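Please open the structure in a viewer and keep the selection panel at hand.

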Amino acid sequence: MGHALVLGGGGVAGIAWEIGLLAGLDEAGLTLRDADLIVGTSAGSAVAAQLVSGLPLVELLARQVDPAKQAPEIPAVVDPEKMAAIFGFDQENPPDRDALRAQIGRIALLTETVGEAERREVIAARVPVDAWPDEQELLIVAVDANTGDERVFGRESGVSLIDAVAASCAVPGIWPPVTIGDTRYVDGGVRSAENADLATGEDVVLVLQAMELPGVADLAEQVESLRSQGSTVLVVKPDEDVVAAMGVNPLDPTVRTPVALAGQRQGVELAKEIAAFWR
């Protein structure tokens with residue numbers, strides 16, 4: 001049976017939760033890092049890169065909860081009104097999804113942010129080993145800022161893992177689009193926060209949905225499609241304690257410790273349920 005682990009976006013808070021949850025599952029005897037396929041989007045791409053690095057999950061957890069081991073981050077504030085202006089659209093007359101992605105890309109290209117080099121240093125600190133896994137398949141999703149077209153990076157893409165993660169984490173209006181070759185890319189969440197449809201063909205699909213956006217039904221549609229094609233799918237979301245620890249700003253680095261610890265506890269509590277699903 002083919003097993004897929006889908007890691008969704010959610011800022012630094014989402015990274016902390018996903019690492020914490022996976023560490024809690026590992027502590028309880030369930031290891032998911034050897035999934036046949038790992039799909040990473042935005043925050044999930046950073047988690048995916050850490051999972052395939054070979055570092056023990058207990059060490060990956062320490063990199064979230066121990067201030068001395070935490071990677072440096074650039075604090076950022078999510079402005080709800082600004083994000084609504086970028087991602088929002090008329091619900092009664094929604095635009096074509098391709099056109100909407102291209103519109104978001106154009107906004108990202110015009111927004112003044114920190115420099116690419118400075119932002120890349122942050123991503124490089126998150127990725128313990130700049131190497132794609134040799135055996136399992138790892139897919140990292142980004143979006144062409146000029147056209148709105150999706151780009152799925154993998155082992156054969158010829159792109160470094162750090163650059164792929166940087167592109168997937170380039171939140172429009174917050175971080176700079178990432179230059180790879182002659183193209184600039186923005187966050188893979190512009191296509192979908194999870195991109196679970198890339199797990200089509202896998203028998204068992206576990207999705208970690210770190211963040212839910214009001215009015216966005218991409219994941220529900222993707223799960224329905226996967227199930228209609230024979231996949232067994234389980235979506236895991238942060239529980240109330242995790243949500244409380246996350247607060248209102250998913251890009252706030254100070255929430256990493258409490259969120260990761262809450263995620264670890266949730267992972268231990270869910271271990272039996274997820275193990276029965278994953279078998």
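Begin by selecting strand E3 (residues 137-144), where seven of the eight residues are buried. Buried means under 20% relative accessible area, exposed means over 50%, and partly exposed lies in between, with a 1.4 Å probe and protein chains only. Helices (H or I, at least four residues) and strands (E, at least two) are DSSP runs numbered from the N terminus. The model is predicted, so that local features need pLDDT of at least 70 and side-chain atom pairs count only at pLDDT 80 or more, while totals for chains, interfaces and linings use all residues. Residues are numbered from 1 along each chain as its sequence is written, and side-chain values use heavy atoms, with hydrogens and water left out.

**The partners of E3**

Two strands pair if DSSP finds at least two bridges between them. Within this pair, Gly40 has Ile140 of E3 as its bridge partner.

Next, select strand E4 (residues 150-153), which is joined to E3 by four bridges and runs antiparallel to E3. Here Val141 stands opposite Val152 of E4. The hairpin of E3 and E4 has five residues between the strands, and in this hairpin Gly148 takes a positive phi near 85°.

Then select strand E6 (residues 183-187), which is antiparallel to E3 and joined to E3 by three bridges. Asp144 has Tyr185 of E6 as its bridge partner.

**His3 in strand E1**

Select His3, which is found in strand E1 (residues 3-7). Is His3 buried or exposed? His3 is buried, because its relative accessible area is 11%. A polar atom of the His3 side chain lies 2.7 Å from the backbone oxygen of Trp278. Leaving aside neighbours within four places in sequence, the residues in contact with His3 (heavy atoms within 4.5 Å) include Ala35, Leu37, Val204 and Arg279.

**Asp239 in a loop**

Move to Asp239, in the loop between strand E8 (232-236) and helix H9 (240-246). Its side chain makes a polar contact with the side chain of Arg265 (2.8 Å). A polar contact is a pair of N or O atoms within 3.5 Å; within protein, one must be able to donate a hydrogen and the other to accept it, and residues adjacent in sequence count only if both atoms are side-chain atoms. Apart from its neighbours within four places in sequence, Asp239 is in contact with Arg265 and Gln266.

**The largest cavity**

Rolling a probe the size of a water molecule over the atoms shows where empty space is left. On a 1 Å grid over the protein atoms alone, a cavity is a set of points where a 1.4 Å probe fits but cannot get out, and a pocket is an open set with protein on both sides within 12 Å along at least five of seven lines; lining residues have an atom within 4 Å of a point.

For the largest cavity, select the lining residues, among them Val12, Gln50, Arg63 and Arg256. Helix H1 (11-27), helix H3 (57-65) and helix H6 (116-126) each supply at least two residues of this lining.

**The second largest pocket**

Finally, select Gln209, Glu212, Val216, Leu219 and Ala220, which lie nearest the centre of the second largest pocket among its 15 lining residues. Helix H8 (residues 218-228) gives the most to this lining, with four residues.
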